[in-house]
Amino acid sequence: SPENYYKLVNSFLQRFSNKMNMSCGIAVHPRADYSKKNPYNFNLFYNTTPELISKCKIAIGHASTSFSFVLLANKPLIQIGFQQTRNTIYGIGLEVFSKLIGLQKCYIDRKYDIPIPEINHEKYLEYIANYLVDLKNVSFYNANQALVSFLLSHNGKHYYNSQDIEL
């Protein structure tokens, strides 16, 4: 039920905040509208998911396409789920994604410990190459050379060797 969902998410985020001594906020799904009532005990942020991810220390979520931003930004991720939905499309997606990027699952509708997020750099790179972008097969126009060089020197150092990219 929605009530149980928000109760479990709020409880997890509060426990996480306390354990890690961090504040939490919610990047709201683009189609969600909580203007009448915020069911979370945390601040809501609309239409800023990539920016929030780029600035966060740890990302937490479930069944989200925004996980691509998390991997590209090389941020640690905690993936939460529900044992009750384990055999649904969301539960199966959680299982598959967890294996692909080498991350432990945290089912928040049963007894759990707050996971310590770790980045499996090899699995992140593999996922990025297999599902998001393969920079070895991308051609860049001369006009984009400055931008690509900047991105590689700024964020790309974690993922790409500039010799792999033909400018």
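**Close-up views of a predicted model**

**View 1. Asn47, a loop residue at the surface.** With a relative accessible area of 65%, Asn47 is exposed, because exposed here means over 50%. Look for Asn47 between strand β2 (43–45) and helix α2 (49–55). Its backbone is worth a glance too: the phi of Asn47 is positive, near 55°, although the residue is not a glycine. Most residues other than glycine have a negative phi. Now find Pro30, which is 17 residues from Asn47 in sequence. In space, the C-alpha atoms of Asn47 and Pro30 are 6.4 Å apart.

**View 2. Asn74, a loop residue that is buried.** Here is another asparagine with a positive phi, this time near 60°. Asn74 sits in the loop that links α3 and β4. Is Asn74 buried or exposed? Its relative accessible area is 12%, so Asn74 falls under the 20% limit and counts as buried.

**View 3. Strand β4, enclosed by the rest of the structure.** Follow the chain on from Asn74 and its loop into β4. Five of the five residues of this strand are buried, so β4 is largely enclosed by the rest of the structure. In a regular strand, the side chains alternate between the two faces of the sheet. Which residues of β4 lie on each side? Leu77, Gln79 and Gly81 are on one side, while Ile78 and Ile80 are on the other, and both faces are covered.

**View 4. The partners of β4.** Strand β3 (residues 59–61) runs parallel to β4, and three bridges join the two. To find your place in this pairing, look for Ile60, which stands opposite Ile78 of β4. β4 also pairs with β5, again in the parallel sense and over three bridges. In that pairing, Ile80 has Cys106 of β5 as its bridge partner.

**View 5. Helix α4 and its surroundings.** Helix α4 (residues 89–101) has 13 residues. From its first C-alpha to its last it reaches 18 Å, close to the 18 Å expected at 1.5 Å a residue. Which residues of α4 are buried? They are Gly91, Leu94, Glu95, Phe97, Ser98 and Ile101. Among the elements that cover these buried residues are α3 (67–72), β4 (77–81), β5 (105–107) and α5 (121–132).

**View 6. Ser98, a buried serine with a polar contact.** Zoom in on Ser98 in helix α4. Its relative accessibility is 2%, so Ser98 counts as buried. Which side chain does the side chain of Ser98 meet in a polar contact? The partner is Gln79, at 2.8 Å. Leaving aside residues up to four places away in sequence, Ser98 touches Gln79, Leu103 and Lys105.

**View 7. A stretch to read with care.** The chain averages a pLDDT of 84, and 80% of its residues score at least 70. Over residues 156–167, however, the pLDDT is below 50. In the model, this stretch has 28 contacts beyond near neighbours in sequence. Where pLDDT is low, the predicted coordinates should not be read in detail.

Technical notes
Residues numbered from 1 in each chain as written. Heavy atoms only, no water. pLDDT = per-residue confidence, 0-100. Contact = heavy atoms within 4.5 Å. Helix = DSSP H or I, 4+ residues; strand = E, 2+ residues; numbered from the N terminus. Expected span 1.5 Å × (residues − 1). Buried < 20%, exposed > 50% of the residue type's maximum accessible area, 1.4 Å probe, protein only. Pairing = 2+ DSSP bridges. Polar contact = N/O pair within 3.5 Å; in protein donor to acceptor, adjacent residues only side chain to side chain.
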